[in-house]
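Reader: I would like to learn how to read a protein model. Please walk me through it.

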Amino acid sequence: MSDDKETTGGSEFKASGELAAKGIQITEQSSVDALLQRGYGTAENKVFTLAFYEALYLLDKKMLEVKGEKGKEMDFKSILRCYEKVDGNAWVNYLVYRDLRSRGYVAREGFGAATDFRVYERGTYGKDTAPYLVMSTQEGTPMPTQDLTNAMMQCQSQKKELILAVMNRRGEIVYYSVSQLTFK
């Protein structure tokens, strides 16, 4: 698992992007195609954007370089600070995303209702729907029960399994399957 899963045919892929309000925008079409094929980013109104957690992951893998407002190259910490301004759970979401990707899963943005990611089985991205919805949290951080209830209801209506990803105090991610308890 230590080898880089993002290499293809011996040549490593590298994209360039620019900081935007909701992530990193990529304009080069060959990079957009390669990223979409690998399960990264979203294209809306002919604009391709990587979520901050995706950009941080690709930056860490040395597969992305990001330019800021004045054309200056941005590092991991500066992009993380931008992400933290829009999401208080930024560090946890990034670590969960990184862990899922390192295990060979494709994780995409969640559907709301407090779910952070939808996760595809290995090898099924683009062929099948995501069977899991993931909520991320940090150990010791209170979670409103209504958030958990809403996520559970959403999962049941979509016939998906709810997974609670908890970052423990050592920075490790522990996954819990969540289901509704019914008494007979």
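**Two helices in contact**

Author: Start with a helix pair. Phe52, Tyr53, Leu56, Leu59 and Asp60 of helix 2 meet Phe76, Ile79, Leu80, Cys82, Tyr83 and Val86 of helix 3. Contact means heavy atoms within 4.5 Å. Helices (H or I, at least four residues) and strands (E, at least two) are DSSP runs, numbered from the N terminus. This is a predicted model, where local features need pLDDT of at least 70, side-chain atom pairs count only at pLDDT 80 or more, and totals for chains, interfaces and linings use all residues. Residues are numbered from 1 along each chain as its sequence is written, and side-chain values use heavy atoms, with hydrogens and water left out.

Reader: At what angle do the axes of helix 2 and helix 3 cross?

Author: Axes are lines fitted to C-alpha atoms, for helices over the stretch in contact, and angles run from 0 to 180 degrees between N-to-C directions. The axes of helix 2 (residues 52–60) and helix 3 (residues 76–86) cross at roughly 170 degrees and come within 10 Å. Helix 2 is therefore roughly antiparallel to helix 3; the cut-off for that term is over 145 degrees.

Reader: Next, single residues. Is Asn93 buried or exposed?

Author: Buried means under 20% relative accessible area, exposed over 50%, partly exposed in between (1.4 Å probe, protein chains only). Asn93 has 3%, so Asn93 is buried. Asn93 lies in helix 4 (residues 90–102). Leaving aside neighbours within four places in sequence, Asn93 contacts Tyr83, Asp87, Asp116, Phe117 and Ser136.

Reader: And what does Ser31 touch?

Author: Not counting residues up to four places away in sequence, Ser31 touches Phe13, Lys14, Ala15 and Ile26. Ser31 sits in helix 1 (residues 29–37). With a relative accessible area of 2%, Ser31 is buried.

Reader: What does the secondary structure of the protein come to?

Author: Five helices and 13 strands. The radius of gyration, taken over C-alpha atoms, can be set beside the globule rule: 2.2 Å times the number of residues to the power 0.38. The protein's radius is 17 Å, close to the 16 Å that the rule gives for 184 residues, so the protein is as compact as a globular protein of that length. Buried residues make up 42% of the 184 residues.

Methods: Angles under 35 degrees count as roughly parallel, over 145 as roughly antiparallel, 65 to 115 as roughly perpendicular and the rest as oblique.
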